[in-house]
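Trainee: Could you take me through this structure feature by feature, giving the general idea before the particular case?

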Amino acid sequence: MLKPRATPTRDLCNLDGLWGFATDDQAGPDPWRSRLGLGLEVAVPASYNDLFADPAIRDHVGWVWYQRTVQVPRGWDGQRIVLRVDAATHAGRVYVDDRLVAEHVGGYTPFEADVTGLVTPGTAFRLTIGVNNELTNVTIPPGTITVGHDGRRRQRYHHDFFNYAGLARSVWLYSTPVRHVTDITVVTDTADGVGFVDYAVDHEGTADVVVRLRDAEGDVVASGTGATGRLSVPDARLWQPGAAYLYEFEAELVEQGEVVDTYPLAVGIRTVEVRGTQFLINGEPFYFTGFGKHEDSPVRGKGHDDAYLVHDFQLLEWIGANSFRTSHYPYAEEVLEFADRHGIVVIDETAAVGLNLSVTGGLLGAKPKPTFSPETFNDETQAAHAQHIRELVARDKNHPSVVMWCIANEPASHEEGARKYFEPLVHLTHTLDPTRPVTSTAFLFASYDNDLIADLFDVVSLNRYYGWYIDNGDLASAEHKLEAELRGWAETHGKPIIMGEYGADTMPGLHSLWDVPWTEEYQVAYLEMNHRVFDRIEAFVGEHVWNFADFGTGPGIHRVDGNKKGIFTRDRRPKAAAHALRARWTRLGNHKP
Ligand code: BDP
């Protein structure tokens, strides 16, 4: 799915700003039929939860309503007019005046409505967007809704971050010509210094397709005609981790010598391959250093923010990180474009977090339910997961920064039913994109001797917390167990292994001479212990610390004002471990120790 852009044939209006807002109980029936009357205003993009001083809004379960007036530009007569919502978490309904024009399920992928004929250039319309935050056993991510003794509905979920919701990314109104480019797919390759760009341009309406590839100076280095083809670039400059180079691919629709539509796409020429126990980018072994992140900041929750975008990437560079994982959902497209431009490598993850019921129980000792069963995660869940993968690959397939798909975080991969659930999804991902490796991060309970799905993946990704959830405060025992487990994985699978998560909660400002968990010294010692072990394992190809920054979670006895495993605080100040990581990662660069 193409990101909306202003081009010589397309116009773009950004609809961000302040919108009217009401929860469904405040708004009454059919709120799209008239003005939301409460006078509440909400910021777009932002999660709505932390904006208000009202717990009934923060913890609301169900629909909320966003509304604004949109002026359609005068000059758009005869054009196709499209409304685009970059994300409505977790489901959205879009109304133009009284009319439903789009419905979408899935909180982190975009959707559109062709509203040509429903709106009139030069006039205004009422745009109402309903957003629903409910998570059930058939949504991705999943959750459960319970009803308390007071009759209030509560959302429970199996993931460790706050269920922020709303319009956390931009909303757009844009125009295209009636005959227009609908999609572009590029796949790149190299041989003997020549770069290849295989392309496919999909379009609506009859027209000839003309394509050009320009280098960063704007000079045309290759061109072609036809909806599919291969462009060859002699002496191609490759997109390299830490040294991004982007060409611009331009697709034009031409009818009788006249350009009817044009769409530009940034293209990085690079290859990705798993060979034996190595992860190769452009044929060179690559060692991932970096983080699992979150889209998370105070007040705006998961709302996309260009200031945090710039600052976070500055911090990645400062600390010497070369990569991150979009844990635990697809991030805003602006993030991937930034990574493309700045040479940061991305593992692109779906929102399938929490497909694991073996962790429930806690103090009450409740018997866990089977994760995969008709009553729990079932065929319908799997269908929603498959649809989410389709939408993710459709959105992100052309980003050179994306080198691997991670289709789930910590599923119950050791439980009966896991293989039946995952095998078709891995196959689907490989079919949609035969060029990128596929992985899924393995949960603690799933080890090399009982995991039922690891062989389906190209790379083994492990989330391990020896020295935190296991052997807390005893790093010597933790080191022993971690090494034994990693050696087991290496011997059983013979695949590249990446540590997808390892981390220790840390209160900034808390210090001790001893190995005391939660202190800044302990976080440093914990990481050093992990690194000693990683450096002894041949098949190791990377380390992603959990987490880049502290982040908001739901309440829990393990959580003090959120998750504190950040190397930076939630407002991005470095803890002591930031300096320790900086020393290691700037020394490593992209190479294995
Ligand atoms: C892992 C999860 C991650 C959590 C982390 C933790 O993948 O989302 O935040 O544990 O407990 O299991 O800090």
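Trainee: Which residue is the bridge partner of N409 in β27?

Mentor: Before the answer, some care about the source: this is a predicted model, in which local features need pLDDT of at least 70 and side-chain atom pairs count only at pLDDT 80 or more, while totals for chains, interfaces and linings use all residues. Residues are numbered from 1 along each chain as its sequence is written, and side-chain values use heavy atoms, with hydrogens and water left out. Strands (E, at least two residues) and helices (H or I, at least four) are DSSP runs numbered from the N terminus, and two strands pair if DSSP finds at least two bridges between them. Here the partner of N409 in β27 is T441, and the strands concerned, β26 (residues 402–409) and β27 (residues 438–442), run parallel and are joined by three bridges.

Trainee: In what order do the strands of the barrel close?

Mentor: The eight strands follow the order β23-β24-β25-β26-β27-β28-β29-β30, with parallel pairing. Neighbouring strands of this sheet are turned by 25 degrees against each other on average, direction ignored; the axes behind that value are lines fitted to C-alpha atoms, for helices over the stretch in contact, and angles run from 0 to 180 degrees between N-to-C directions.

Trainee: How should I read the nonpolar core, and which residues touch the most other members?

Mentor: In soluble globular proteins, nonpolar side chains tend to be buried together. A nonpolar core is a set of buried Ala, Val, Leu, Ile, Met, Phe, Trp, Tyr and Cys residues joined through side-chain atoms within 4.5 Å, where buried means under 20% relative accessible area, exposed over 50% and partly exposed in between (1.4 Å probe, protein chains only). The largest core has 86 residues, and F291, F422 and I567 touch the most other members. Helix α8 (residues 520–534) gives the largest share, eight residues. Because domain 1 (11–176) and domain 3 (294–588) both give residues to this core, it lies between them, the domain bounds coming from an automatic or database domain assignment.

Trainee: With which residues is F422 in contact, leaving aside its neighbours within four places in sequence?

Mentor: Taking contact as heavy atoms within 4.5 Å, F422 meets L355, F372, H385, I407, A408, P411, I453 and L456. A second, separate core holds 33 residues, including L15, A88, V131 and L167.

Trainee: How many salt bridges does the structure hold?

Mentor: Side chains of opposite charge can pair when their charged atoms come close. With a salt bridge taken as a side-chain nitrogen of Lys or Arg within 4 Å of a carboxyl oxygen of Asp or Glu, the structure holds 48. One of them joins D471 and K481, whose closest N and O atoms are 3.0 Å apart; D471 sits in the loop between β28 (460–463) and α7 (475–493), whereas K481 belongs to helix α7.

Trainee: Where in the chain are E483 and R536?

Mentor: E483 is in helix α7 and R536 in the loop between α8 and β30 (540–546), 53 residues apart, and their side chains meet in a salt bridge (2.6 Å, N to O).

Trainee: Is E483 buried or exposed?

Mentor: E483 is buried, with a relative accessible area of 18%, whereas R536 is partly exposed at 37%. Salt bridges with shared partners join E479, E483, R487, R532 and R536 into one network.
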